[in-house]
Amino acid sequence: MVTELDVRALLAMYGGAHGAWSALMTALTFVGEGWSAVLLLPMLWHVRTRAFAGPLAAGVVVQAVLVWALKAITGRTRPWIALGLPAPIGSPHDCSFPSGHAAGAFCVAMFLAVALPVAWRETPSRARVVTVGAFVYAALVASSRVYLGAHFPSDVVAGALLGGAVGVVAAGVYARRRAESGATASPTPDLDPAPKKR
């Protein structure tokens, strides 16, 4: 069910394919589709970053499955279809709630917010800069979905909350494993080739 407030918020943010920010929003939507997850593959392969990338990759997969399940349960129609707006990039016809773009982006952002201070204890300012950048990126990706008419605002809010929660849990797994391994602080994520012997 879509509320009148949701529709009003959408129309206030909507720019469509010909708005002033359309090129940027389309680019953010394209990158936020999950192509950036490919960057995790080298980190999963490399022994020195696998411990960091593993829980993050698992979190990304879990949130994607949860988003798919919730879309199937809720069955909300996309706003561009419900309101007769021009089709956004990709003309998505699947269910609208929640936003997979928002869920994925905020999953990564929350993971970094929790995990980087653990991985980069000796350089906390570096962790803060990366975390802020991740949240700005996530917010822009989520906003792009409303701007283009692919999602209602409540879709992206729900997606952000879902993805953020999964990201926190995944980061908790990473932090616990790191503590159990006795790994020492390192300027980059898990650059110790193997856990220290006790």
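Q: Which residues touch the most other members of the largest nonpolar core?
A: This is a predicted model, where local features need pLDDT of at least 70, side-chain atom pairs count only at pLDDT 80 or more, and totals for chains, interfaces and linings use all residues. Numbering runs from 1 along each chain as its sequence is written, and side-chain values use heavy atoms, with hydrogens and water left out. A nonpolar core here is a set of buried Ala, Val, Leu, Ile, Met, Phe, Trp, Tyr and Cys residues joined through side-chain atoms within 4.5 Å. Of its 36 residues, the ones with the most contacts to other members are F52, F111, L112, A115, L116 and Y174.

Q: Which element gives the largest share of this core?
A: Helices are DSSP runs (H or I, at least four residues), numbered from the N terminus. Two or more core residues come from each of α2 (22–31), α4 (50–74), α6 (100–119), α7 (124–147) and α8 (153–181). With ten residues, the largest share belongs to α6.

Q: What kind of aromatic pair do F52 and F111 form?
A: Rings of Phe, Tyr and Trp (its six-membered ring) pair if their centres lie within 6.5 Å; planes under 30 degrees apart are stacked, over 60 edge-to-face, and the rest tilted. That rule gives four aromatic pairs. For F52 and F111, the centres are 5.3 Å apart and the planes at 75°, which makes the pair edge-to-face.

Q: How many residues apart in sequence are the parts that the F52 and F111 pair ties together?
A: F52 sits in helix α4 and F111 in helix α6. The pair therefore ties together parts whose separation in sequence is 59 residues.

Q: Is the pair of F111 and Y174 stacked, edge-to-face or tilted?
A: Their ring centres are 6.4 Å apart. The planes meet at 50°, so this pair is tilted.

Q: Is Y174 buried or exposed?
A: Buried means under 20% relative accessible area, exposed over 50%, and partly exposed in between (1.4 Å probe, protein chains only). Y174 has a relative accessible area of 2%, so Y174 is buried.

Q: Which residue lies over the face of W120?
A: A charge sits over a ring if NZ of Lys or CZ of Arg is within 6 Å of the ring centre and within 35 degrees of the ring normal. At 4.3 Å from the centre of the W120 ring, the residue over its face is R126.

Q: Is V132 buried or exposed?
A: V132 is in helix α7. Its relative accessible area is 52%, so V132 is exposed.
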